[in-house]
Amino acid sequence: MPAKTIAEELKGVAEGVEKRFQQGRRVLSFSEYLDLFASNPERHSRDASRYLRDAFDHYGTTRVKLPWGEFTRWKLFDLPWEEPPLDGKGEPKGTLVGQEQVQEEIYRALCNFVREGRPNRLILLHGPNGSAKSTIVACLMRALENYSMIDEGALYRYSWVFPSTKTTRGSLGFASGAGGAAVASYAHLPDDQIDAKLIVEVRDHPLFLIPVAERRAVLQKLFKGRDEGPSDWITRGQLSHKSQQIFEALLASYDGSYSEVLK
């Protein structure tokens, strides 16, 4: 392939990546995230059991007839998002063969966790070698990875962004007088205006940045009239120790200005 054609192909790839990035809304300010959350609070406040159950539901089911009866098969175990083999024959590598009764039991347990409001037990897979225990777990992991890449399964987390002195007149957002800048949010600052960005390794939910009492009031309003209420996890969850320390230090630096902290 001529060098010019390769360069043109690369340019097309770059434009496609940028377009997907913008459409996916990969970076949001906290206020933008709250608007997104309010548009579908059930989707954006799911705990692990609800999230996995919804992944099951997203890929759908089919009915299969076996010599001993008719059963429901969840399509996620067929890995429908995976590319077919290069020869075009057979199923994608790693699909689960059979075990429809086990699939039904796993789904039933997940629905029980959802009804109870929290996953307070474990699901144990027990069986001899070759009974597809590892394959079941591998399919679930691959399904969750794929589900998290689409709008219905998008997951959000927050980072602590400390602007440079070009943006604020303080040091790393902690110095006296750091507040009062005209910037509404530090989320969209270019890299040359950021001194540090701290990732929250434990992936706290962004809503944990709202104190529990006020969060409960917000959730009660957003979930009013909906089929499912908020999970116990999203209602009572707290910031991790590291984030709590940063939050309190910033709040003290800004003389209690919560809006400045959320920048």
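## Notebook: a walk through the predicted model

I began with Arg203, which sits in the loop between β4 and α7 (212–222). This is a predicted model, so I kept that in mind throughout. Arg203 has a positive phi of about 60 degrees although it is not a glycine. I noted this since most residues other than glycine have a negative phi. Is Arg203 buried or exposed? With a relative accessible area of 55%, Arg203 is exposed, because the cut-off for that class is over 50%.

**Another positive phi.** Next I looked up Ala132, which I found in the loop between α5 and α6. Ala132 is not a glycine either, and its phi is positive at about 80 degrees. Its relative accessible area is 16%, so I put Ala132 down as buried; buried means under 20%.

**The whole chain.** I then stepped back to the overall layout. I listed 10 helices and four strands in the protein chain. Read from the N terminus, the order of elements is α-α-α-α-β-β-α-α-β-β-α-α-α-α. Of the 263 residues in the protein chain, 36% are buried. I also checked how far apart in sequence the contacting residues lie. Among contacts with a separation of 6 or more, 69% are between residues 24 or more positions apart.

**Helix α9.** My next stop was helix α9, residues 241–253. How far apart are the end C-alpha atoms of α9? They are 18 Å apart, and this agrees with the 18 Å that 13 residues should span at 1.5 Å a residue. I wrote down the buried residues of α9 as Ser243, Ile246, Phe247, Leu250 and Ser253. Looking down the axis of α9, I saw these buried residues fall within an arc of 130 degrees, so they line one face of the helix. The exposed residues His241 and Ala252 are on the face turned away from that buried side. What covers the buried residues of α9? The cover includes β3 (159–163), β4 (194–199) and α10 (258–261). After α9 comes Asp255, and its phi is positive, near 55 degrees.

**The second largest pocket.** I sorted the lining by class and got 11 nonpolar residues, one polar and no charged.

**Arg43.** My last entry is Arg43, in helix α3 (residues 41–44). Arg43 is partly exposed, with a relative accessible area of 28%. Leaving aside neighbours within four places in sequence, I found Arg43 in contact with Asp151 and Glu152. I also noted the pair Arg43 and Leu155, which are 112 residues apart in sequence. In space, Arg43 and Leu155 are 9.5 Å apart, C-alpha to C-alpha.

Note on methods
Residues numbered from 1 in each chain as written. Predicted model: local features only at pLDDT ≥ 70, side-chain atom pairs only at ≥ 80, totals over all residues. Heavy atoms only, no water. Helix = DSSP H or I, 4+ residues; strand = E, 2+ residues; numbered from the N terminus. Expected span 1.5 Å × (residues − 1). Buried < 20%, exposed > 50% of the residue type's maximum accessible area, 1.4 Å probe, protein only. Arc of directions from axis to C-beta. Contact = heavy atoms within 4.5 Å. Nonpolar A, V, L, I, M, F, W, Y, C, P; charged D, E, K, R; others polar.
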